[in-house]
Amino acid sequence: MRLKELRGDLKQKEVVQHIKKTDKRVDSGLYSKYENGVALPTPEQLKAICELLGVEPLDIYSEAEINLKGTKATVHKAAAKDSEEPDTYNLCVRLERGAARWFRKDILAACGYRNLTHWVNVGLLRLKKEYEKVTAKAKKKAARIERQNGRRDN
């Protein structure tokens, strides 16, 4: 995220005034969150910022930063890139704002996770084991009921 750097000598107040032409809800506090990576502008606000600074959105944010906000929970197959495994999936979810603080690198590291992806993968493995345990129990129960019903029929 390079918003602060690209703003150069312009004051935050000047940028906010320009964005207000598009969205009157923006104030300096919200714009500060954009510069500090706490929040992302709406597409309309981003367009106004780019217009003022004479840059493109990808000059300010990486594609990954832009795609993480404002999406509904979706899972889709990622386009294979040279550096990615062909069977990778991107996962985007909406969370309450307060939840994001738990994904800080220091918190994840203190709990033994290398990064957020590692945490998700460990959670998925736990989910898989739990599901296997539940389905095994259900199969045993169904088999027991079937045996009992078989005895009653004789």
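1. Which residue forms a salt bridge with E5, and how far apart are the closest N and O atoms? The partner is R2, and the closest N and O atoms are 3.0 Å apart. A salt bridge here is a side-chain nitrogen of Lys or Arg within 4 Å of a carboxyl oxygen of Asp or Glu. E5 is exposed, at a relative accessible area of 54%, whereas R2 is partly exposed, at 35%.

2. Basis of the note. This is a predicted model, in which local features need pLDDT of at least 70 and side-chain atom pairs count only at pLDDT 80 or more, while totals for chains, interfaces and linings use all residues. Residues are numbered from 1 along each chain as its sequence is written, and side-chain values use heavy atoms, with hydrogens and water left out.

3. Confidence. The mean pLDDT of the chain (the predictor's confidence in each residue, from 0 to 100) is 84, and 85% of the residues reach 70 or more. Helix α2 has the highest confidence in the chain, at 95; strand β1 (residues 74–77) has the lowest, at a mean of 48. The pLDDT is below 50 over residues 69–78. Where pLDDT is low, the predicted coordinates should not be read in detail.

4. Secondary structure. The chain comes to 8 helices and 2 strands. From the N terminus on, the order is α-α-α-α-α-α-β-β-α-α. Helices (H or I, at least four residues) and strands (E, at least two) are DSSP runs, numbered from the N terminus. Of the 154 residues, 18% count as buried. Among contacts with a separation of 6 or more, 39% come from residues 24 or more positions apart.

5. Other salt bridges. The structure holds 5 salt bridges, including the one between E5 and R2. Another joins D106 and R104, at 2.8 Å from N to O. D106 is partly exposed at 45% relative accessibility, and R104 is partly exposed at 44%. K128 and E132 also meet in a salt bridge, at 3.9 Å from N to O. Side chains of opposite charge can pair when their charged atoms come close.

6. The K128 and E132 pair. Both residues lie in helix α8 (residues 116–153), 4 residues apart, about one turn of the helix. An α-helix has 3.6 residues a turn, so residues three or four places apart point the same way. K128 is partly exposed, with a relative accessible area of 48%; E132 is partly exposed at 42%.

7. Packing of α2 on α3. Helix α2 (residues 12–20) and helix α3 (residues 28–35) pack at an angle of about 105°, with their axes 10 Å apart. That makes α2 roughly perpendicular to α3. Axes are lines fitted to C-alpha atoms, for helices over the stretch in contact, and angles run from 0 to 180 degrees between N-to-C directions. Angles under 35 degrees count as roughly parallel, over 145 as roughly antiparallel, 65 to 115 as roughly perpendicular and the rest as oblique.

8. Residues of that contact. On the α2 side, Q12, V15, V16 and I19 meet S28, Y31, S32 and E35 in α3. The residues of this contact divide into 4 nonpolar, 3 polar and 1 charged. The classes are: Ala, Val, Leu, Ile, Met, Phe, Trp, Tyr, Cys and Pro nonpolar; Asp, Glu, Lys and Arg charged; the others, Gly among them, polar. K13 also lies in α2 and is exposed, at 61% relative accessibility.

9. Helix α4. In α4 (residues 43–53), Q45, L46, A48, I49, C50 and L53 are buried. The buried residues of α4 pack against α1 (3–7), α2, α3 and α5. Just after α4, G54 takes a positive phi of about 70°.

10. I60. This residue lies in helix α5 (residues 57–60) and is buried, at 2% relative accessibility. I60 and R2 are 58 residues apart in sequence, yet 4.8 Å apart in space, C-alpha to C-alpha. Leaving aside neighbours within four places in sequence, I60 is in contact with M1, R2, L3, L6, L46, I49, C50, V55 and E65. Of these, L46, I49 and C50 are among the buried residues of α4.

Methods: Buried < 20%, exposed > 50% of the residue type's maximum accessible area, 1.4 Å probe, protein only. Contact = heavy atoms within 4.5 Å.
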